[in-house]
Amino acid sequence: MGYSKAHKTRTHKRIVAIASKRFREKGLAGFGIAELMKEAGLTVGGFYKHFDSRDDLVAEAVNSAFGSWKCRVDAAKSGGPPVSYEELIRDYLNEAHRDNPGTGCAFSALAPEIARSDKQTRAFTSEQVRNDIQLIAALLPAATDKRTARSRAILIFSALVGAMSLARAVSDEALSREILKAVAEYLKNVASKHQASKGRRKVAPLSD
């Protein structure tokens, strides 16, 4: 008996969701098709009913891991909890995110492997990097102009991804926590100092 189109769509989404999580946990090369299909409760042969190749799965799974920041901003615009620059830093650079890569940022989990992946995966990644940089720039307090905000956003985004990658790489728990804390404090202070200095420049000089 054949399956409905809706059933196939649900199965496809389940495969992608599992792959997205496991790839972030184990790496693109650390989780095979056989493991994936077994976890999904399907046969290996069924894989090719949903994907033309493993590269197609990787591209879709990586792409599905993107967009969490945008979802939060969109939710805030619809009346949900507001999103601030400080919250973004705090929510990214913490031990819970470090210890759960499967549900976290795909960049800090997979960036080196994505750099060696196919064109489709890298195209999805490029688009998401642009989106996240734009989002951070919009959250920055009192940015002087769009060009300055974008430059700062690139530096912040790079620091976030780099700090999380290092925090996961080291075996020393104290050092790992120190990396997260130091980078978080630095990024928050940079924004605060910039906001304060801009505020001082706005004060008009006293007349004689």
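Start by selecting Phe23. Apart from neighbours within four places in sequence, Phe23 is in contact with Leu28, Phe31, Arg54, Leu57, Val58, Ala61 and Leu110. Keep in mind throughout that this is a predicted model.

In soluble globular proteins, nonpolar side chains tend to be buried together. The largest nonpolar core here has 50 residues. Which of its members touch the most other members? They are Phe23, Leu36, Leu57, Ile89, Leu93 and Leu160. Two of these, Phe23 and Leu57, were already on screen in the opening selection, where they are in contact with each other. Helix α9 gives the most to this core, with nine residues.

Now show α9, residues 146–169, together with helix α7, residues 106–114. Two packed helices are described by the angle between their axes and the distance between the axes. For α7 and α9 the angle is about 85° and the axes are 8 Å apart. Because of that angle, α7 is roughly perpendicular to α9. To see where the two helices meet, select Phe107, Ser108 and Ala109 on the α7 side. On the α9 side, select Phe157, Val161, Met164, Ser165 and Arg168. Sorted by class, this contact has five nonpolar, two polar and one charged residues.

Move on to a second pair: helix α3, residues 54–64, and helix α8, residues 119–139. Their axes come within 8 Å and cross at roughly 10°. Angles under 35 degrees count as roughly parallel, so α3 and α8 are roughly parallel to each other. From α3, pick Asp55, Asp56, Val58, Ala59, Val62 and Asn63; these meet Gln120, Thr121, Phe124 and Thr125 in α8. By class, the contact of α3 with α8 has four nonpolar, four polar and two charged residues.

Is Ser64 buried, partly exposed or exposed? Ser64 is partly exposed, with a relative accessible area of 41%. Its side chain reaches the backbone oxygen of Ala61 at 2.7 Å. Not counting residues up to four places away in sequence, Ser64 touches Val16 and Ser20. Finally, draw a distance between the C-alpha atoms of Ser64 and Ala106: the two residues are 42 residues apart along the chain, and these atoms are separated by 9.5 Å.

Notes: Residues numbered from 1 in each chain as written. Predicted model: local features only at pLDDT ≥ 70, side-chain atom pairs only at ≥ 80, totals over all residues. Heavy atoms only, no water. Axes fitted to C-alpha atoms, helices over the stretch in contact; angles between N-to-C directions. Helix = DSSP H or I, 4+ residues; strand = E, 2+ residues; numbered from the N terminus. Parallel < 35°, antiparallel > 145°, perpendicular 65-115°, else oblique. Contact = heavy atoms within 4.5 Å. Nonpolar A, V, L, I, M, F, W, Y, C, P; charged D, E, K, R; others polar. Core = buried A, V, L, I, M, F, W, Y, C linked by side-chain atoms within 4.5 Å. Buried < 20%, exposed > 50% of the residue type's maximum accessible area, 1.4 Å probe, protein only. Polar contact = N/O pair within 3.5 Å; in protein donor to acceptor, adjacent residues only side chain to side chain.
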